[in-house]
Amino acid sequence: MSSIAITGLIIAAAVVLFVWNRIPVVVVAMSTALALYATGILSLNAALSGLGDPAVIFIATLFIVSAALESTGVTAWAGQLLIAKAGTESRTRLLVLTSLLVAFLTALISVNGAVAALLPVVIVMAVRLKRAPSQLLMPLVFSAHAGSMLALTGTPVNVLVSNAAAEAGLNRFGFFEFTIVGIPLLLGTIAIIILFGQRLLPERSGPTIPSDFSKHAQTLIEQYGLSSGTFQMRVRTTSPYIGVAPGSVDIGAFPGLQLVAIQQGEEGGPLRRPTVAEGDYFILRGEPEMAAAFAAQNHLAFREQHAASDLQDVLFNRSSGLAEVIIPPRSGMVGATVFPGMITQSGDLIIMAVQRQGADLGHEKIVLEAGDTLLLQGTWKALDVHLEDPNVLVVNSPELVRRQAVPMGAGAKQAIVILMVMVILLATGVVPPAIAGLLAAGAIILTGILTVEQSYRAISWTTVILVGAMMPLSTAMYETGAAALLAKTLVSLVGDAGPFALLAGLFVLTAVMGQLISNTATALIVIPIGVAAANGMGVSPRPVLMSVAVAAAASFLTPVATPTNLMVMGPGGYKFGDYWKLGLPLLLWFFVVATFYVPLIWRF
């Protein structure tokens with residue numbers, strides 16, 4: 001059997017397994033690379049070379065940058081800005097702003113990151129505006145697909161076609177060169193959604209709605225009875241408590257007044273120093289008159305918290321937050337003695353309140369039982385680190401809460417600066433994309449925005465391994481002549497119709513495969529065919545590559561086309577057949593742009 005036939009069988013088997021979807025895509029991808037080695041098509045180094053390819057490394061770094069923007073609240077800030085600007089009356093205004101925002105975020109942090117960040121925001125908007133989530137969620141995802149063509153960083157496919165151009169002996173596509181085609185794609189997508197979306201989309205609410213944590217702090221404060229009779233007092237220069245050990249603070253002379261916590265300055269966490277200093281905060285509960293007398297006698301700046309929303313700024317802010325935990329059966333904490341105001345063993349968290357079966361247990365010492373709930377307060381970092389303890393069950397992930405409820409949190413400005421520097425490096429071409437991405441990822445870790453472990457978790461290893469393992473398939477198609485044979489067949493089919501027919505044929509091939517398997521895997525299969533076909537016709541591969549990128553982004557017809565299509569299926573209450581109704585006119589628009597507009601910019 002010839003090497004071309006073997007390569008063809010491997011491609012066919014990979015496509016069938018991708019469509020079957022019973023075997024993890026990473027296993028299929030790695031099996032493809034190993035099959036190329038086992039059959040002698042490629043050497044071992046060539047079969048595994050994709051895993052160390054600069055394009056793969058660059059794609060991995062983009063996930064870290066995306067996670068940094070999410071974890072610092074940049075995307076939460078964008079979402080809250082969207083809610084504030086969208087208004088409640090105009091459907092058109094709402095859809096336009098949502099589409100523009102998700103497209104902008106997609107261009108910078110990828111489709112998956114942008115949709116995941118804005119999905120809860122759009123659900124909240126739908127509920128508040130009394131609109132069906134199904135009318136907003138599919139437009140959100142489809143606008144993200146269009147937005148992926150606004151910049152090099154929008155999708156891994158853009159990186160792949162840019163590299164393919166360089167390997168074909170041409171200039172890479174620039175960072176903003178994709179914008180030339182991305183803008184008409186996005187504007188057309190928004191127009192189709194506004195004109196036809198209401199009639200083509202169902203009116204449904206899904207059974208699985210993401211939680212809204214925008215008022216999480218206020219909910220916890222009210223649940224645990226902290227919304228009234230709680231006071232914050234700042235230590236003044238003349239206070240007698242300056243230099244006093246926290247354990248020596250005695251409020252016994254003020255009956256009915258309870259010291260809940262002493263916070264260290266503006267950090268929001270428990271006092272870690274051995275003594276109290278100016279600027280530290282006392283948080284107390286009790287009668288207003290007694291609290292006022294205590295503040296006056298000890299030279300403390302007194303401010304009563306009149307409502308949960310006021311106290312929220314003290315306990316829940318950019319640097320610190322709240323978390324609710326449950327004591328599970330067989331926990332090592334069952335039988336332990338705690339009390340409100342107690343600092344945990346780690347020294348990083350404060351126990352603000354304890355409840356049993358929904359009832360507050362007061363301010364005295366409490367022996368914990370299985371099922372008790374504790375309200376903890378501390379820095380976000382401390383909550384992330386210490387609540388992984390198996391002795392407690394966290395009700396809501398602090399990381400998830402922070403991403404939704406704390407806009408522009410700690411590290412947000414640094415994350416934005418790092419992103420802008422990376423964009424400038426990519427736009428100017430001063431360094432290769434992989435170097436720009438590595439510098440950005442390294443800066444994110446060195447500035448403390450993400451730890452090394454968090455960076456590992458941020459990377460979508462499925463995407464990275466898929467791209468790396470499938471890259472050698474493109475090499476095999478070139479070396480064996482399979483790409484040339486397929487290209488020759490395609491050229492013969494389009495006959496004398498010319499290069500426009502070639503673009504149309506490649507678009508149909510890419511779009512059809514992209515509805516069934518990963519658009520990244522599709523691009524890796526089609527790119528060598530497109531380049532070979534362009535060379536066979538004697539035209540430039542650049543318009544062919546850009547057309548393939550547009551076709552790969554047109555993943556509209558099925559929920560399995562992309563992870564984001566599936567992401568909204570549950571919350572939107574969509575059925576399999578709902579996607580093609582709005583997706584088909586969008587696919588036709590992408591076809592027009594890829595076939596007729598692209599050659600006007602990148603000449604044959």
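**Exercise 1. Which residues does Thr-373 touch, leaving aside its neighbours within four places in sequence?**

*Step 1.* Look for contacts, that is, heavy atoms within 4.5 Å. Thr-373 has such contacts with Tyr-224, Glu-324, Val-325, Ile-326, Ala-353, Val-354 and Gln-355.

*A quick note on the model.* You're working with a predicted model, where local features need pLDDT of at least 70 and side-chain atom pairs count only at pLDDT 80 or more, while totals for chains, interfaces and linings use all residues. Residues are numbered from 1 along each chain as its sequence is written, and side-chain values use heavy atoms, with hydrogens and water left out.

*Step 2.* Place Thr-373 in the fold: it sits in strand S10 (residues 373-379). Strands (E, at least two residues) and helices (H or I, at least four) are DSSP runs, numbered from the N terminus.

*Step 3.* Check the burial. The cut-offs for relative accessible area are under 20% for buried, over 50% for exposed, and partly exposed in between (1.4 Å probe, protein chains only). Thr-373 has 15%, so it's buried.

**Exercise 2. Work out the order of the strands in the open sheet that holds S10.**

*Step 1.* Find the pairs: two strands pair if DSSP finds at least two bridges between them. S5 (residues 320-326) and S10 run antiparallel and share 7 bridges.

*Step 2.* Strands S8 (359-360) and S11 (393-394) are the edges, as each pairs on one side only.

*Step 3.* Zoom in on one spot: Val-325 faces Leu-374 in S10. Then look at what lies against the sheet: helix H11 (residues 216-223) touches S5, S7 (349-356) and S10, and its direction makes about 55 degrees with that of S5.

**Exercise 3. How do helices H6 (residues 91-109) and H10 (residues 179-200) cross?**

*Step 1.* The axes of H6 and H10 come within 10 Å and cross at roughly 145 degrees.

*Step 2.* List the residues that meet. From H6 they include Leu-95, Ser-99 and Ala-103, and from H10 they include Leu-186, Ile-190 and Gly-197.

*Step 3.* Sort them by class: Ala, Val, Leu, Ile, Met, Phe, Trp, Tyr, Cys and Pro count as nonpolar, Asp, Glu, Lys and Arg as charged, and the others, Gly among them, as polar. The contact of H6 with H10 has 8 nonpolar, 4 polar and 1 charged residues.

**Exercise 4. How many residues does the largest nonpolar core have?**

*Step 1.* Recall what counts: a nonpolar core is a set of buried Ala, Val, Leu, Ile, Met, Phe, Trp, Tyr and Cys residues joined through side-chain atoms within 4.5 Å.

*Step 2.* The largest one has 145 residues, and Met-149, Val-181, Ile-527 and Phe-590 have the most contacts inside it. Helix H4 (residues 54-71) gives the largest share, 12 residues.

*Step 3.* Apart from this core lies another, of 35 residues, including Leu-226 and Val-406.

Definitions and conventions. Axes are lines fitted to C-alpha atoms, for helices over the stretch in contact, and angles run from 0 to 180 degrees between N-to-C directions.
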